[in-house]
Amino acid sequence: MLIAAGRLISGLPGTGVLAPGYLTVSGGLIAEVGEGLPPGPPDLELRTGVLVPGLVDLQVNGYYGVDLAACDPDGWALVARRLPETGTTAFLPTFITAPVVALAAALRSARKIAGAATTGARLLGLHLEGPFLSPARAGAHRRDWMVPPSPEAVAELLDAGHGVLRLMTLAPETDGALAAVAALVAAGVVVSLGHSDATADQVAAAADEGARMVTHLFNAQRGLHHREPGVVGQALTDHRLTSGLVVDLRHVSAAACAIAFAAAPGRICLVTDAVASAGMPPGRYLLGGQPTELPPGGGAPVRPDGTLAGSALRMDLAVANAVAVGLGLAEAVAAASRIPADLIGRPDLGRLATGAPADLAWLGDDLRTQATWVAGKQVYASR
């Protein structure tokens, strides 16, 4: 298949926008990417919008009425099938804080589901956001389910999540956290720091042990102070750390987003932190088995006490919002594709490059998804 596009963004550093550009697909892989007119009559010509790598979301608690922590195969299949509507072609289902025994059971169930064939977005593994978090920065998580990362608890979760646990968020200041970071990294799990009241030095110490990410920058963490930079300050200045950012312009203001992009170029990845209410009408939904409400008028979902509880954000809208606050289009696309893919050790994804899987998204002039392909197969078309 030969696709010609008025604009094509590869997602790779330094390449920018190819206008016009083209690519060929063979056997589910990208065989060639080129600038200029295609070498022959295209099978598909995209005269408007932009062709980009499929978007990669590392934090999806739920979507389309489904709370993924329930580990229901039909629900997972529904989310995977419909996420391409948002330009997303790969994602990490995310489980928030629960008792260790419950999370271990959920991981075992998820292993069976993740091994089954799905249609739509790729399941990249699991993201555990908890239970080794700080009660001082609980956010929408239950404090009474948070525990320090004892060796026994870490081992139980690693055993239950063998082969599927890809990313884990923890608070680096909790007792035993540095040993937990080292154990998780040794097991091939990417460690992210979040829901944390850590000082900058404590964040740096976790990075010394191999932590490489910060979860939803600015939210549920010690902020930037001119004498104690906190989690935010260390995240923005430590070149070992890449930060997830919820660019719905509700969790984080436009100005704060612009600061993050300027302070840490190439080290911000867009995430939705989407919950079951994403893609749904206003009403009551679940997050981690606990109630939330999506208010009318496009607000963010909240717990009964008003605490923000994830988002209803789409990845393509996150790209559009990033551009609206001043990030270049090529940089915004990379933040939603190559950067998260590289972070979790999938350098084959998130780029339009020879030999890469043909995971593609066609975004319209308004950056809304018009069509999506996974492994060269079209899985969504807006019309």
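The model is predicted, so local features need pLDDT of at least 70 and side-chain atom pairs count only at pLDDT 80 or more, while totals for chains, interfaces and linings use all residues. Residues are numbered from 1 along each chain as its sequence is written, and side-chain values use heavy atoms, with hydrogens and water left out.

**Helix H2 with helix H3**

- Helix H2 (residues 100-114) and helix H3 (residues 151-160) have axes that come within 8 Å and cross at roughly 15 degrees. Helices (H or I, at least four residues) and strands (E, at least two) are DSSP runs, numbered from the N terminus. Axes are lines fitted to C-alpha atoms, for helices over the stretch in contact, and angles run from 0 to 180 degrees between N-to-C directions.
- H2 and H3 are therefore roughly parallel to each other; angles under 35 degrees count as roughly parallel, over 145 as roughly antiparallel, 65 to 115 as roughly perpendicular and the rest as oblique.
- Their crossing is right-handed, a term for a near helix turned clockwise from the far one by less than a right angle, with anticlockwise being left-handed.
- On the H2 side, Val100, Val101, Leu103, Ala104, Leu107, Arg108 and Arg111 meet Ala153, Glu156, Leu157, Asp159 and Ala160 of H3 (contact means heavy atoms within 4.5 Å).
- The contact of H2 with H3 involves eight nonpolar, no polar and four charged residues. Here Ala, Val, Leu, Ile, Met, Phe, Trp, Tyr, Cys and Pro count as nonpolar, Asp, Glu, Lys and Arg as charged, and the others, Gly among them, as polar.

**Helix H5 with helix H6**

- Ala200, Val203 and Ala204 from H5 meet Gly230, Val231 and Gln234 from H6. By class, four residues of this contact are nonpolar, two are polar and none is charged.

**Aromatic pairs**

- Rings of Phe, Tyr and Trp (its six-membered ring) pair if their centres lie within 6.5 Å; planes under 30 degrees apart count as stacked, over 60 as edge-to-face and the rest as tilted.
- Tyrosine 63 and tyrosine 64 make a tilted pair, at 4.5 Å centre to centre and 40 degrees between the planes. Both of these tyrosines are buried (under 20% relative accessible area, with exposed over 50% and partly exposed in between, using a 1.4 Å probe and protein chains only).
- Tryptophan 76 and phenylalanine 95 make an edge-to-face pair, at 6.4 Å centre to centre and 65 degrees between the planes. This pair links distant parts of the chain, with tryptophan 76 in helix H1 (residues 73-82) and phenylalanine 95 in strand E11 (residues 88-96), 19 residues apart.
- Tryptophan 76 is buried at a relative accessible area of 2%, and phenylalanine 95 is buried at 1%.

**Two buried residues**

- Methionine 168 sits in strand E14 (residues 165-170) and is buried, with a relative accessible area of 1%.
- Beyond neighbours within four places in sequence, methionine 168 contacts residues including His127, Pro131, Phe132, Leu157 and Val190.
- Threonine 215 lies in the loop between strand E16 (213-214) and H6, and its relative accessibility of 0% counts as buried.
- Not counting residues up to four places away in sequence, threonine 215 touches several residues, among them Gln59, His127, Glu129, Ser192 and Gly244.
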